[in-house]
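This note is intended for a colleague who is meeting the structure for the first time. Please read the numbered points below alongside the sequence and the model.

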Amino acid sequence: MSDLPTTPKPRLRHLAIVVQDPVKLTAFYTEILGMQLFHQDPDGSCFLSDGYFSLALIKHRLNGDTPLGMNHFGFHVADVSETSAALIAAGSSPPAERFTTRPFAEYRAIDPEGNWFDLSEHGFGGTEPSSSEQSPVENG
C-alpha cells in the first residue's frame, strides 16, 4: 500500500451517463431532485450539480458504438502526477491527457477491468458546496 498517494484522499465527484434525451433528463433531475444545470454542450449534453457531485448526461450519438448507460466516473485529486505514479506502480497504463473543450477533467485512466475514470485537480464544475460539504481535497 506504500504506492498510494500521500496527499489527501481522492474524492469521487463525477458520474457520466450516455442518454437518449439529455434535455428531458435535465428537467427531471432539476425539477424533481433539485440539481442545477451548469453547462450545456452544443450537441445537447448537459452537466448538472447538486453542489458537490456532478452528473454528465451525454447525448447518445445514433451512429456511435457507445452504449446507453454509465460511461465513466471521475475523481477530484490533489495531485494528478502523484495519483498517476501510483496507478502506474500498480500496473495500470499511464492516464491519458484529455483533449476536450469541456472545462472539466484533465486525464482519463482505466481500471483493471476496463472501466474509464477521470482525474481532475480542479474539480468537475457546478455550484460550490457549502463549507460543511467540502471534501478534504478542497479543505487541504
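**Notes on the predicted model**

1. Helix H1 covers residues 22–33; at 1.5 Å a residue its 12 residues should span 16 Å, and its end C-alpha atoms lie 15 Å apart, which agrees. The expected span is 1.5 Å times one less than the number of residues. Helices (H or I, at least four residues) and strands (E, at least two) are DSSP runs, numbered from the N terminus. Just after H1, Gly34 adopts a positive phi of about 75 degrees.

2. On the basis of the values: this is a predicted model, in which local features need pLDDT of at least 70 and side-chain atom pairs count only at pLDDT 80 or more, while totals for chains, interfaces and linings use all residues. Residues are numbered from 1 along each chain as its sequence is written, and side-chain values use heavy atoms, with hydrogens and water left out.

3. Eight strands make up an open sheet of mixed pairing, in the order E2-E3-E4-E1-E5-E8-E7-E6. Its edge strands, each pairing on one side only, are E2 (36–40) and E6 (96–97). Two strands pair if DSSP finds at least two bridges between them. Strands E3 (residues 46–49) and E4 (residues 54–59) pair in the antiparallel sense over four bridges, and Cys46 stands opposite Leu57 in E4.

4. The largest nonpolar core has seven residues: Phe73, Val77, Val80, Leu87, Ala109, Phe117 and Leu119. Helix H2 (80–89) and strand E8 (116–120) are the elements that give two or more residues to this core. Such a core is a set of buried Ala, Val, Leu, Ile, Met, Phe, Trp, Tyr and Cys residues joined through side-chain atoms within 4.5 Å; buried means under 20% relative accessible area, exposed over 50%, and partly exposed in between (1.4 Å probe, protein chains only).

5. The structure holds four aromatic pairs. Rings of Phe, Tyr and Trp (its six-membered ring) pair if their centres lie within 6.5 Å; planes under 30 degrees apart count as stacked, over 60 as edge-to-face and the rest as tilted. Phe73 and Phe75 form an edge-to-face pair, because their ring centres are 5.9 Å apart and their planes stand at 75 degrees. For Phe73 and Phe117, the centres are 5.8 Å apart and the planes at 15 degrees, so this pair is stacked.

6. Since Phe73 lies in strand E5 (residues 69–76) and Phe117 in strand E8, their pair ties together parts that are 44 residues apart in sequence. Phe73 and Phe117 are both buried, whereas Phe75, at 23% relative accessibility, counts as partly exposed. Ring pairs link Phe73, Phe75 and Phe117 into a cluster.
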